[in-house]
Amino acid sequence: MRPLLEQACWDTFYMVGWSTLIAVAGGLPLGILLVLTDRGGLLRNVVANKVIGQVVNVARSMPFIILMVALMGFTRTITGTTIGREAAIVPLAIGAIPFFARLVETAVREVDHGLVEAVQAMGGNTWTVVRRVLVPESLPSLISSATTTVVALIGYSAMAGTVGAGGLGDIAIRYGYQRFETGLMWITVAVLAVVISVIQFAGDHAARTLHRRGGGSGAVLGLRLLKPRPKPAGTDEPATADVGKAA
């Protein structure tokens, strides 16, 4: 039983790890783009925003088990097979990208718009705003969003076990359900509960730590951007913003 569970755990970590990396790489820019193209955004484009939002909504509304079946042809093209942990990564990642993108959108919308305006007043372009303000300031929320995505992917990976993807879900189906080995099934459930609890604790701890440190130090950034220059000695020239230093 032990070698069986160890291999199943490794398969689950492998699928979830790669799927998380792909979901973050695809969902982060997609979520930021949803904010930038919305009304009042830096790249306001109502048509593009509606199209992207609709695609994300349709992808999110599809049950994962149906998504796996629908993507079998695409999965076979990418990996050469529809069975195994490598094949499961394709639907896992595609299902997680829109899920994470919506979480990113919510996190980025919480950033103080005054900081965005301050960076724009200093001459910063859209890329500067994204890199210096939106991502750093929303980092604690982004970490919480990534944690939620990982937990969801663990659940998805268990469903992927029903079509031969391997992992802990496959163990629960093949041994716990089909062979009536109830003890092994409950051990699998306990392992999943422990893994999810550890991941959730680590993610919450990282988010709280960043939040206590000020996230992306938005207040400090705002003060630095708007820090006045001292009045030149012997002149009546008023103090001005320290543009050069802030830039």
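Colleague: Which helices do the buried residues of helix 2 pack against?

Modeller: This is a predicted model, to start with. In it, the buried residues of helix 2 pack against helix 1 and helix 5 (85-109).

Colleague: Which residues of helix 2 are buried?

Modeller: Asn49, Ile52, Gly53 and Val56. Looking down the axis of helix 2, these buried residues fall within an arc of 100 degrees, so they line one face of the helix.

Colleague: And which residues are exposed on the other side of helix 2?

Modeller: Val47, Lys50, Val55 and Ser61 are exposed there.

Colleague: What span should helix 2 have, at 1.5 Å a residue?

Modeller: Helix 2 covers residues 46-61, and its 16 residues should span 22 Å. The end C-alpha atoms of helix 2 are 22 Å apart, which agrees.

Colleague: New topic. At what angle do helix 8 and helix 10 pack?

Modeller: About 175 degrees, with the axes 8 Å apart. Angles over 145 degrees count as roughly antiparallel, and helix 8 and helix 10 are therefore roughly antiparallel to each other.

Colleague: What about helix 9: how many of its residues are buried?

Modeller: 7 of the 10 residues in helix 9 (residues 168-177) are buried, among them Leu168, Asp170 and Tyr175. The buried residues of helix 9 pack against helix 1 (2-36), helix 8 and helix 10.

How values were computed:
Residues are numbered from 1 along each chain as its sequence is written. This is a predicted model: local features need pLDDT of at least 70, side-chain atom pairs count only at pLDDT 80 or more; totals for chains, interfaces and linings use all residues. Side-chain values use heavy atoms; hydrogens and water are left out. Axes are lines fitted to C-alpha atoms, for helices over the stretch in contact, and angles run from 0 to 180 degrees between N-to-C directions. Helices (H or I, at least four residues) and strands (E, at least two) are DSSP runs, numbered from the N terminus. Angles under 35 degrees count as roughly parallel, over 145 as roughly antiparallel, 65 to 115 as roughly perpendicular and the rest as oblique. Buried means under 20% relative accessible area, exposed over 50%, partly exposed in between (1.4 Å probe, protein chains only). Contact means heavy atoms within 4.5 Å. The expected span of a helix is 1.5 Å times one less than its number of residues. The arc is that of the directions from the helix axis to the C-beta atoms.
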